[in-house]
Amino acid sequence: QVQLVESGGGLVQPGGSLRLSCAASGSILSINSMGWYRQAPGKQRELVAQITRSGSTNYADSVKGRFTASRDRFKNTMYLQMNSLKSEDTAVYYCNADVVTFNYTRNDYWGQGTQVTVSS
């Protein structure tokens with residue numbers, strides 16, 4: 001069993017910042033890529049940022065230059081620093097991880113999501 005728990009969401013004014021965290025725990029042998037996705041009301045879930053095991057990152061065009069993903073491999077934790085937030089960033093943010101468990105099974109896992117609301 002693997003659990004992903006997000007934290008750090010909340011209400012922020014336009015132009016403000018938030019830092020999301022995603023902590024993975026359980027029967028983890030290794031974690032390959034980790035990613036942040038978001039889903040706004042009435043829209044499909046979209047990739048926001050992804051970070052590989054080696055630390056390489058890629059971002060959605062809409063967040064480039066404003067969001068920064070990072071990870072602490074020893075803590076199995078990923079972060080998303082979000083700056084210059086806009087109203088269109090309002091969504092539920094989900095953490096995703098490509099995990100190999102102790103029985104050498106590889107699966108995708110999702111967190112429960114954390115709400116980010118950007119509003120004045």
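The model is predicted, so to speak of local features a pLDDT of at least 70 is needed, side-chain atom pairs count only at pLDDT 80 or more, and totals for chains, interfaces and linings use all residues. Residues are numbered from 1 along each chain as its sequence is written, and side-chain values use heavy atoms, with hydrogens and water left out.

The secondary structure is simple to summarise: the chain holds eleven strands and zero helices (DSSP runs numbered from the N terminus, strands being E of at least two residues and helices H or I of at least four). Of the 120 residues, 43% count as buried, meaning under 20% relative accessible area with a 1.4 Å probe and protein chains only. The radius of gyration of the chain is 14 Å, which agrees with the value near 14 Å for a compact globule of 120 residues (taken over C-alpha atoms; the rule is 2.2 Å times the number of residues to the power 0.38).

One disulfide is counted, defined as a pair of cysteine sulfur atoms within 2.5 Å. The bond joins C22 and C95, with the sulfur atoms 1.9 Å apart. These cysteines sit 73 residues apart, C22 in strand β3 (residues 18-26) and C95 in strand β9 (residues 91-101). The torsion about the S-S bond is about -70°, so the disulfide is left-handed. C22 is buried at 0% relative accessible area, and C95 is buried at 0% as well.

Key:
Buried < 20%, exposed > 50% of the residue type's maximum accessible area, 1.4 Å probe, protein only.
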